[in-house]
Amino acid sequence: MTTVSERDVQLLRDALGPLRDREQTAERLLASSAKHSFDPDKELDWDSAIEDGKWFWPPELVSLYDTPLWRRMSEEQRMDLSRHEAASLASLGIWFEIILMQLLVRHIYDKPVTSNHVRYALTEIADECRHSMMFGRMIKWSGSPDYPVPRVYHNLARVLKTVSTTPGSFAATLLGEEILDWMQRLTFPDERVQTLVRGVTRIHVVEEARHVRYAREELRRQMVTAPRWERELTRVSCGEAARVFSVCFVNPHVYESVGLDRHEAVAQVKASGHRAEVMQSGAKRLTDFFDDIGVLNGVGRRLWKRSGLLA
């Protein structure tokens, strides 16, 4: 298949309509960044004490919610599990953001350095640096350990960062951002949750909205202009990334941290209809978008179904 030049992209459409001008999109995102960016070190009260009787994550989003094991746990143990799961998700977020920053640097390596597109990518990288530091500081504030992803997936990501295609990079970016974003949008207005955690999620939601827009627009462009082999590889790599994401979403060692049997807890999470509904609801906006632009065709759709993120 012949690739399409940048000059001709504006004349093309996908299922969602005409492709937008890359420079105009970046200009709008830069303007939004100038108005709505935060310094977590100054915005949040890191000297505040943990509030008694408050969750670290909405209980309905805790992995064991509404399972037989959950019903046997004390309220204190449930809240403690929410603390460890919040730390696990923050650890996962840092891992994804470090990967994302490297992929963004690769993406702009051969782009015009004075373009709005490159300038916004550098702005997003700066955002992600602050987010990663903010998540790390939140973990430390909570008194929980960090929960790195299993070594096999940590090393698998090294391969991804080396061989990922451009559309594959942006598809993986959206996978790492949109499901967590959906959960955080439920968290920051929830007064049952620790005030500092709500502040962290509020900052992340506001700034990630721009990142999602940037990645969506670029992925649409790439799925129109990329050669066929690259689009097919993107479908497969995105499906495999969904599987890894679902496996790594909550580190199973969180259950041992609150005195539970890890194997029993993992089995109950896998069998939980509520948990499946939460994960699929969190992914629905993303999977609908991927479906519209052709990412979920063929093998990609089967891999997404196996991940449990697509009904």
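Predicted model: local features only at pLDDT ≥ 70, side-chain atom pairs only at ≥ 80, totals over all residues.
**The nonpolar core**
- The largest nonpolar core has 86 residues. Such a core is a set of buried Ala, Val, Leu, Ile, Met, Phe, Trp, Tyr and Cys residues joined through side-chain atoms within 4.5 Å. Buried means under 20% relative accessible area, exposed over 50%, and partly exposed in between (1.4 Å probe, protein chains only).
- Helix H5 (residues 75–108) supplies the largest share of this core, 16 residues. Helices here are DSSP runs of H or I with at least four residues, numbered from the N terminus.
- Phe290 is one of the residues with the most contacts inside the core, and Leu219 and Trp304 are also among them. Setting aside residues up to four places away in sequence, Phe290 touches Ala171, Leu174, Leu219, Cys238, Val295, Leu296 and Trp304. Contact means heavy atoms within 4.5 Å.
- In soluble globular proteins, nonpolar side chains tend to be buried together.

**The cavities**
- The structure holds three cavities of 30 Å³ or more. On a 1 Å grid over the protein atoms alone, a cavity is a set of points where a 1.4 Å probe fits but cannot get out, and lining residues have an atom within 4 Å of a point. Grid points are joined across faces, edges and corners, and a volume is the space filled by probe spheres set on the points.
- The largest cavity has a volume of about 110 Å³. Its lining has 13 residues, and Trp57, Leu89, Ala90, Phe135 and Gln184 lie nearest its centre.
- H5 gives the largest share of that lining, four residues. The lining divides into 10 nonpolar, three polar and no charged residues.

- Ser63 sits in the loop between helix H3 (40–43) and helix H4 (68–72). Ser63 counts as buried because its relative accessibility is 1%. Its side chain makes a polar contact with the side chain of Glu85 (2.4 Å). A polar contact is a pair of N or O atoms within 3.5 Å; within protein, one must be able to donate a hydrogen and the other to accept it, and residues adjacent in sequence count only if both atoms are side-chain atoms.
- Ser144 is in the loop between H6 and helix H7 (151–163), and is buried at 8% relative accessibility. The side chains of Ser144 and His84 make a polar contact (3.4 Å).
- Met79 belongs to helix H5 and is buried, with a relative accessible area of 16%. The C-alpha atoms of Met79 and Val193 are 114 residues apart along the chain but separated by 10.0 Å.

Methods. Residues numbered from 1 in each chain as written. Heavy atoms only, no water. Helix = DSSP H or I, 4+ residues; strand = E, 2+ residues; numbered from the N terminus. 1 Å grid on protein atoms, 1.4 Å probe; cavity = no way out; pocket = protein on both sides within 12 Å on 5 of 7 lines; lining within 4 Å. Nonpolar A, V, L, I, M, F, W, Y, C, P; charged D, E, K, R; others polar.
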